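Hello,

Here is the structure I promised to pass on. Please open it beside this note, and read what I found below.

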Amino acid sequence: MIFTRAQHLKGEITVPGDKSISHRAVMFGALAEGLTEVEGFLPGADCLSTIDCFRRMGIFIEEPESTRLLIHGKGLHGLKKPADILDTGNSGTTTRLISGILSGQDFETILTGDASIQKRPMGRIIEPLSLMGASIESLNKNGCAPLRIQGRPLHGIHYTTKVASAQVKSAILLAGLYGDCPTSVTEPALSRNHTELMLRSFGAKMQTEDVTATIEPLPHLAGQKILVPGDISSAAYFLATGCITPNSEIFIQNVGINPTRDGILRVLKRMGADVTILSSDNRTGEPVADLLVKTSHLQGCVLEGDLIPALIDEIPVIAIMACFATGTTIIRDAAELKVKESNRIDVMVENLSAMGAHITATEDGMIIEGGYPLHGAVVDSHLDHRIAMSFAIAGLNADGETQIAGAECVNISYPGFYEDLKLLQQS
Ligand code: S3P
């Protein structure tokens, strides 16, 4: 895939459904009784892995359209032992959340995913789920998948996580559905709260206070209608390029702006970006808005602390924007970037340096000196969808040709990404 400089980007865009919410809709729909109807579902490879896992556990899921699902839930105890290994593909969310659910079943499962998943840390879920009574073994004894999970009767626990991770929090809360008393999770900072919001809408008794979420066991979960808003993590690429590409104006419709996810909007404001929130509502149980972005003069800024979990997936594209800002951008408290689909600190530094950026890796983030023009280069996505999309944006704003190796991995979260970018160049 080759990119050259864009003269302008103009038009309207509707980004695909939120990945985190799409996964949860399938999982909670499967555990609820009766029909769950999902609209705006993300038909990306990660969410299709979640569908596949639940089909293998006996759940009937219809796809009348790629973005519309009918899930015939069987209740908390309705899953059946899969005949084969569960394959979670590239999806950390599938792997970790499903582990919480499998911990409470009365059967044994083996689950694994692709080469990237087999390198991602699972100790962070193995520890709390084992404390609850599940038996979980990393088959290669390296704390990663493949995992063998023998479900057991579970105890409720109170657990304090070391990292602000919605995947870890959600795995524990989902196991907590099968506990013998309430389960609570306290995090160092609030991570995305889609599990809490959606489980409550299915009928779970869930309290949240500050950075602690508590769930009561064995609720009656009833099928729901879920409207999935557009994914702010996908909108981020258009917000970024709308700011840094000359003569641009992009209207992005129906984007989820949950406060646990809206860090990108807060950073754009701090950087001086011309972004307007045009209308917002809460129809979906999640706040949603239309966004308008125009070419802007950006200032560097510092990203740190509790802000980081609210924009963790957007840091690669924020690093691209920082190259076009005046002054220095410092990103710290983001060591989690090293254990995403790729090591996003190393990969950003390697690829942006190849394009002429002034960027340095630190232990827990990166430092970028803005104002050094980018030039085309051959860059490697490392099969990480967010890296591929970030470098498409870099390529549209660089001299010469930027070639992205492994560009097709955008199908994980945004199957039509390159086509949507092209349409904005043509209008
Ligand atoms: C997600 C949580 C985050 C995020 C990932 C999706 C979720 O991961 O990076 O893309 O849906 O719960 P962590 O929980 O590892 O921070």
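**The ligand and its shell**

H1 gives the largest share of the shell around the ligand, 3 residues. (Helices are DSSP runs of H or I with at least four residues, strands are runs of E with at least two, and both are numbered from the N terminus.) This is a predicted model: local features need pLDDT of at least 70, side-chain atom pairs count only at pLDDT 80 or more, and totals for chains, interfaces and linings use all residues. Residues are numbered from 1 along each chain as its sequence is written, and side-chain values use heavy atoms, with hydrogens and water left out.

Which residues are around the ligand? They are Lys19, Ser20, Arg24, Thr93, Arg96, Ser165, Ala166, Gln167, Arg192, Ile312, Asp313 and Lys340. (A residue counts as near if one of its heavy atoms lies within 4 Å of the molecule.)

The side chain of arginine 24 has an N or O atom 2.7 Å from an oxygen atom of the ligand. Lysine 340 places a polar side-chain atom 2.7 Å from a ligand oxygen atom. For threonine 93, the distance from a polar side-chain atom to an oxygen atom of the ligand is 3.4 Å. (A polar contact is a pair of N or O atoms within 3.5 Å; within protein, one must be able to donate a hydrogen and the other to accept it, and residues adjacent in sequence count only if both atoms are side-chain atoms.)

The ligand taken alone exposes 380 Å², and the protein buries 95% of that. (Areas come from the Shrake-Rupley method with a 1.4 Å probe; for residues, only the protein chains shown count as cover.) Helix H1 (19-31), H3 and helix H5 (166-176) are the elements that give two or more residues to the shell.

Strand S6 (residues 86-87) pairs with strand S7 (residues 108-112) in the parallel sense, over 2 bridges. (Two strands pair if DSSP finds at least two bridges between them.) From S6 the chain crosses through helix H3 (residues 92-102) to S7, in a right-handed β-α-β crossover. (Right-handed: with the strands pointing away from the viewer, the path from the first strand over the helix to the second runs clockwise.) Leucine 86 stands opposite leucine 111 in S7.

S7 also pairs with strand S9 (residues 147-150), antiparallel, over 4 bridges. There, threonine 109 has isoleucine 149 as its bridge partner in S9. The loop between strand S8 (135-138) and S9 holds proline 146. The peptide bond from alanine 145 to proline 146 is cis, with omega near 5°.

**Around S15**

Strand S2 (residues 10-14) runs parallel to S15, joined by 5 bridges. Glutamate 12 stands opposite phenylalanine 251 in S15. S15 and strand S17 (residues 288-294) run antiparallel, with 6 bridges. Here isoleucine 250 faces valine 293 in S17 as its opposite residue.

Check two backbone angles here. Asparagine 254, in strand S15, has a positive phi of about 55° although it is not a glycine. Asparagine 247 lies in the loop between helix H7 (232-244) and strand S15 (249-256), and its phi is near 50°, also positive.

**A four-strand sheet**

An open sheet of 4 strands has mixed pairing and the order S18-S19-S21-S20. Its edge strands are strand S18 (302-303) and strand S20 (358-362), each pairing on one side only.

Best wishes
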